[in-house]
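Please keep the sequence and the 3D view open as you read.

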Amino acid sequence: MTQQPAAGRAPARTRRTIGGQAPTRPVQSSPVTTRLADIAAQAGVSEATVSRVLNGKPGVAATTRQSVLAALDVLGYERPVRLRQRSEGLVGLITPELENPIFPALAQVIGQALTRQGYTPVLATQTPGGSTEDELTEMLVDRGVAGIIYVSGLHADTTADTQRYERLRARGVPFVLVDGFSPKVQAPFISPDDRAAMHLAVTHLVSLGHTRIGLALGPKRFVPVQRKIEGFVRTVQEQLGLSAETVERDFVRHSLYTLEGGQAAAAALIGRECTAVVCASDMMALGAIRAARQRGLEVPRDISVVGFDDSPLIAFTDPPLTTVRKPVPAMGQAAVRTLLEEIGGTPAPHSEFVFMPELVVRGSTASAPGERPRS
């Protein structure tokens, strides 16, 4: 690529090859000798060292070799073919829509980790009315990807046919599945501990004196939803003494993982006289805050709201959102590491790797109305 000229240096020159085309500006001595001198001066090494690097000779420290290659780039010379950085191959990343900021955040972590290992990430996004997961998979396989990482895909849907993954494995394509576990699929899974997330949220709210706590989340057929319900019901049972049947009937509402979905679910829970609402995503939590305000309630004075994910910028909402932080960096790096082990022929165990979430307390939770916080 074209480099910008450094301060005080001559205007940018077109990229040149060593020992090939003539230089683009007049020189007073042998072109090759002059180029070696330019590179040596830029890198702070001798011309002999530059020559050894360009000819692939041993005996040059790795840091020195990198300095010479960097000098080539800065001065606008093409690297010799054998010295050019090569991609280890393409890796597909299939995610749901990108409107929920947690998915771009996870895609960024995975993409950066792949790039550091020499792979080129190819992001394929599902959109309503657009390509399906199966169609995106075929597109990536046709392009010869070395492997695929699925985020919140059909593997998380308990009603979906999991044979698609077995067929993919039979074609020799390694893959890793993020968010959602299925015992029917022989593959590595990367998940947050959804049950522990609900324990953290409910325990926090109970400590503030809340006794009517609702849960707003997505369709029940998804594995993360089922696990969140399990953790929520168990913790409310243990800490508030309610029966599992009562908790799930009166204090759990299903909707969509959108702002509007959170608004609808929270409205129903507010109608059940809940003084606190736990949401299965930050987007749903923002919808819950909107539902409260439409009823003339103030957050957190009248009702507390807890999100899930800790998406980028969520700390700057009004009020700043208390949420359960999904361990995105650890999960993304683990997904890449696991996939590369599969690609390298030393597959990781075909089991689930579970990562602990973290409660982040901000301004959307407070003592229950008329209650004193518990110790």
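## Around helix 9

The cover over the buried residues of helix 9 includes strand 6 (213-217), helix 8, strand 7 (252-254) and helix 10 (259-271). Helices (H or I, at least four residues) and strands (E, at least two) are DSSP runs, numbered from the N terminus. Buried means under 20% relative accessible area, exposed means over 50%, and partly exposed is in between (1.4 Å probe, protein chains only).

Which residues of helix 9 are buried? In this helix (residues 244-251), they are Val 247, Asp 250 and Phe 251. Seen down the axis of helix 9, these buried residues fall within an arc of 95 degrees, so they line one face of the helix. The arc is that of the directions from the helix axis to the C-beta atoms.

A word on the model itself: it is predicted, local features need pLDDT of at least 70, side-chain atom pairs count only at pLDDT 80 or more, and totals for chains, interfaces and linings use all residues. Residues are numbered from 1 along each chain as its sequence is written, and side-chain values use heavy atoms, with hydrogens and water left out.

## Helix 7 meets helix 8

Helix 7 (residues 194-207) packs against helix 8 (residues 223-240) at an angle of about 35 degrees, and their axes are 7 Å apart. Axes are lines fitted to C-alpha atoms, for helices over the stretch in contact, and angles run from 0 to 180 degrees between N-to-C directions.

Phe 232, in helix 8, is buried, with a relative accessible area of 0%. Not counting residues up to four places away in sequence, Phe 232 touches Met 198, Val 202, Ile 213, Gly 214, Leu 215, Val 247, Phe 251 and Val 252.

Leu 200 belongs to helix 7 and is partly exposed, with a relative accessible area of 25%. Leaving aside neighbours within four places in sequence, Leu 200 is in contact with Val 324, Pro 357, Glu 358 and Leu 359.

## Backbone details in the loops

Where is Pro 300 found? It sits in the loop between helix 11 (282-294) and strand 9 (304-309). Pro 319 is in the loop between strand 9 and strand 10 (322-325).

| Peptide bond | Form | Omega |
|---|---|---|
| Val 299 to Pro 300 | cis | near 10 degrees |
| Asp 318 to Pro 319 | cis | about -5 degrees |

Asp 179 has phi near 65 degrees, a positive value in a residue other than glycine. Asp 179 lies in the loop between strand 4 (175-178) and strand 5 (189-192), and at 5% relative accessibility it counts as buried. Asp 310 has a positive phi of about 60 degrees although it is not a glycine. At 15% relative accessibility, Asp 310 counts as buried.

Technical notes. Contact means heavy atoms within 4.5 Å.
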